[in-house]
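The points are grouped by topic.

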Amino acid sequence: MRAISLVAGAVFKESVRDRVPYSMVGFAVLLIAASYLISQLTAGQDLKIIKDLGLAAISWFGLLIAIFIGIGLVSKEVERRSVYSLLTKPLSRDQFILGKYAGLVFTLVVNLSAMTLALALLLAYMNAVAPPEVKAGWSAPALDPRLLTAVVLTVAELTIVTAIALFFSTFSSPLLSALLTFGLWVAGHFNQDLRNFESVVNAPAVAWIMRGLYYLLPNLAPFNLRAEAVHAVDVPIRDVLLTLAYAACYVAVLLVGAIAIFRRRDFK
Amino acid sequence: MAAAIEIEELSKDFLTGFWRPRPYRALDRLTLSVDEGEVFGFLGPNGAGKSTTLKLLMQLLYPTTGSARILGRPAGDLAVKRRVGFLPENPSFYDHLTGEELLTYFARLFGLRGAGATSRVARVLDDVGLGAERRLRLRQYSKGMVQRVGLAQALVNEPDVVFLDEPMSGLDPLGRRHVRQLMLRLRDRGCTVFFSSHILSDAESLCSRVGILAQGRLVASGRLSEILAFELRGWEVVVANLDDAVRARLEPQVRGITALAHGRYTIELAPDASPERFVHELAASGAQVVSLNPLRETLEDYFVQSVGAAAARETGL
């Protein structure tokens, strides 16, 4: 456990000293601020627009961090040959993979927390300055707990994306890993269409393959609760917990796969 | 004395080619044993399989056949890793860390904490001559400094066995001397040193035993005193102010005369020649004798013979 946490700490330190995540967080904070300005132009919908754009910014910039750091987690170590020194220390290959994953998830949590805090501060300011008659027209309070649920599920979605990026990073180049990860993220959001493919195509074999793909590919649509949070629609806690459990299982399978590949790998 | 490293019939094939991959044998049935406390030089030309062997011992590569044991346990065992240090060829580390941070990270992986880790890191960095640069980021290090920090990370756990892949690479003459002294200090404290090199003078001055690898095969191994007969092969005299008439007169009596820079010549004599009489004759003819040296077989000669013989066997010539 100590070796895993040391590797995770090193990943976090590298990301702290890397300008990429910071620029992304800065950009996301700016976008949230810009959404406040845009909302000033839309009478009565300002709070919803801020929530919508804010949550979208958190999700998109989190995705960029997950993909762009995740794809280099292993392949960069191999390319720059730092893996030679690291793997000859008392550290198993399994611990290396788990440490890399934990480090990136921790980095994501810290970055998304910063973005969420920026959004919360903006919403708190709106709440403080809005007159009572305007507040009466809001369908949900400015600091609605549903927003936090949406962010938590965004983090859960990103843990899957990170695991996908790490999985591809164990055997392919950063560019290919980025393309495959992004492709799976897109497919994951349209996964439901594969399940009902027989209603579109009258070919049982194709429908069977699509059904198989439905179970194989990540189902990421349930992680998107942004619309529910913005429009104050309640989501049963059972659904949220099931979605989190699904994320844990999917991540576990991907990590087992990544470890199995990495264990067998030769470093020429 | 117990064996620190035991290699048995170790082979490694790499697949080459995209459409029809074919195995290429990089290491062929290597069997070797290195005793505890020994400095063993693993020599060979580029591409001989030295780095492949070291990576197999470090489990960065998996063998096609054969096995290796270090300190009595299988190579790659976590308990072995705790007692082993490794310097890869042309090492590369994390640019964003300072030398001190890198070594602290590695020291913690060995279970060192707090003040113990700090003092160990400071001592090892001083040992490799990087004490003053310990707070510089690695991206600011020169190639020689990266090589030194690579040595430091291999020694941070005070290993019982240390594997060094081309440890002198990228070092200036002062750095090389420093590393030679470091290796001798390691030997003096009982550490087994297994290092690969193609710089034969280093091996000659450091090793108790050497192994010579060519085209993936061990072509020779043994103690330097056994390998090199140290018998006299001739004499080499360097002279200045040698006029053409004297040179023409000497030519039939000697093995060869080679012109050097600044009007100097090297004259090679047979082993049974009398160098004292020859030097007197030269002085009497007005030439100035700069130096007189016996010629003995060197590790380089042995290396060239062994590698050349292996290449001849391979080509069937």
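**Chain A: contacts and fold**

If one takes the contacts in chain A between residues at least 6 apart in sequence, 81% of them join residues at least 24 apart. This is a predicted model, and it scores ipTM 0.83 and pTM 0.84.

- Chain A holds 13 helices and 0 strands, and accordingly the run of its elements from the N terminus on reads α-α-α-α-α-α-α-α-α-α-α-α-α.

**Chain B: overall description**

- Chain B has 11 helices and 14 strands, and its C-alpha atoms fill a box of roughly 75 × 50 × 45 Å when the box is taken along the principal axes.
- The mean pLDDT of chain B is 88, and 97% of the residues in this chain reach 70 or more.
- Buried residues make up 39% of the 317 residues in chain B.
- For contacts in chain B between residues at least 6 apart in sequence, the share that joins residues at least 24 apart is 70%.
- Chain B is divided into domain 1, which covers 3-227, and domain 2, which covers 232-296; the C-alpha centres of these two domains of chain B lie 44 Å apart.

**Chain B: the four-stranded sheet**

- In chain B, 4 strands form an open sheet in the order 12-13-11-14, and the pairing is antiparallel.
- Strand 12 (256-259) and strand 14 (288-296) of chain B stand at the edges of this sheet, and each has a single partner strand, so one side of each is left without a neighbour in the sheet.
- From one strand to the next, the twist of this sheet averages 20 degrees.
- Strand 11 of chain B, residues 232-240, is joined to strand 14 of chain B by 8 bridges, and these two strands run antiparallel.
- Within that pairing, L232(B) stands opposite R296(B), which belongs to strand 14 of chain B.

- A309(B) lies in helix 11 of chain B, which comprises residues 299-315.
- A309(B) and A214(B) are 95 residues apart in sequence, while in space the two are 9.6 Å apart, C-alpha to C-alpha.

**The contact between the chains**

- The contact takes 22 residues from chain B and 19 residues from chain A.
- On the side of chain B that touches chain A, helix 2 (78-81) and helix 3 (99-109) of chain B each supply at least two residues.
- Helix 3 of chain B gives the most to this side, with 4 residues.
- By residue class, the side of chain B that touches chain A divides into 15 nonpolar, 3 polar and 4 charged residues.

Methods: Residues numbered from 1 in each chain as written. Chains lettered and ligands numbered in written order. Predicted model: local features only at pLDDT ≥ 70, side-chain atom pairs only at ≥ 80, totals over all residues. Contact = placed C-beta atoms within 7 Å. Nonpolar A, V, L, I, M, F, W, Y, C, P; charged D, E, K, R; others polar. pLDDT = per-residue confidence, 0-100. Domains from an automatic or database assignment. Pairing = 2+ DSSP bridges. Axes fitted to C-alpha atoms, helices over the stretch in contact; angles between N-to-C directions. Buried ≥ 20, exposed ≤ 12 C-beta atoms within 10 Å, placed from the backbone.
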